[in-house]
Amino acid sequence: MGKVCEGYMNAKQWTPNLHAHVVFDWTQPNGKSVRLSRDDMAELQTIASETLGMERGVSSDRKHLSAMQYKTECAKEQLQELSNDISSALDKHKDERTASGTIKRYIQCIRQTQGRTKTSFFSFRKNYVPLK
């Protein structure tokens, strides 16, 4: 039976993923299972698509991964993303520490200037003789 409930949005338009699920009884009269090759399975898919009037999917040359290989690849990608995030955060922290050091130097300079200004003011006040 064809299935229409799966698909994806393409430029705000629903594009259905039409496909079929078929269940076979692979048991031979002697109780053993029928073994089909990859080419036999591809031929079955072609026959089913022609019979149901569906477009045949394109064969892939991609090397398929086992479940463990796939999980390992996903974990490597996540690890790389986390590593990039950490590097970015460290760079930002370094920039903030540099800015903080600059601000601290400015504050120290202002305090030193204020100290000299206060000293000058008090020295002036001490030596100030009002005019009569």
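Reply: The second largest pocket has a volume of about 250 Å³. The model is predicted, local features need pLDDT of at least 70, side-chain atom pairs count only at pLDDT 80 or more, and totals for chains, interfaces and linings use all residues. Residues are numbered from 1 along each chain as its sequence is written, and side-chain values use heavy atoms, with hydrogens and water left out.

Rolling a probe the size of a water molecule over the atoms shows where empty space is left. On a 1 Å grid over the protein atoms alone, a pocket is an open set of points where a 1.4 Å probe fits, with protein on both sides within 12 Å along at least five of seven lines; lining residues have an atom within 4 Å of a point. Grid points are joined across faces, edges and corners, and the volume is the space filled by probe spheres set on the points.

The residues that line this second pocket are Arg 38, Met 41, Ala 42, Gln 45, Arg 56, Gly 57, Val 58, Ser 59, Ser 60 and His 64. By class, three are nonpolar, five polar and two charged. Here Ala, Val, Leu, Ile, Met, Phe, Trp, Tyr, Cys and Pro count as nonpolar, Asp, Glu, Lys and Arg as charged, and the others, Gly among them, as polar.

Met 41, one of the lining residues, sits in helix α1, which covers residues 38–52. Helices (H or I, at least four residues) and strands (E, at least two) are DSSP runs, numbered from the N terminus. Met 41 counts as partly exposed because its relative accessibility is 39%; buried means under 20% relative accessible area, exposed over 50%, and partly exposed in between (1.4 Å probe, protein chains only).

Met 41 also belongs to a nonpolar surface patch with Val 34 and Leu 36, and together they have about 210 Å² of accessible area.

Gln 45 lines the second largest pocket and is also among the residues closest to the centre of the largest pocket, along with His 19, Ala 20, Ala 48 and Ser 49. The largest pocket holds about 610 Å³ of space, and α1 gives the largest share of its lining, six residues. That lining divides into ten nonpolar, five polar and two charged residues.

As for the setting, the protein has two helices and four strands, in the order β-β-β-β-α-α along the sequence. Of its 132 residues, 2% are buried.

Terms used: Patches are made of residues with over 30% relative accessible area and no salt bridge: like charges are joined within 9 Å, nonpolar side chains (Val, Leu, Ile, Met, Phe, Trp, Tyr) within 5 Å. Accessible areas come from the Shrake-Rupley method with a 1.4 Å probe; for residues, only the protein chains shown count as cover. A salt bridge is a side-chain nitrogen of Lys or Arg within 4 Å of a carboxyl oxygen of Asp or Glu.
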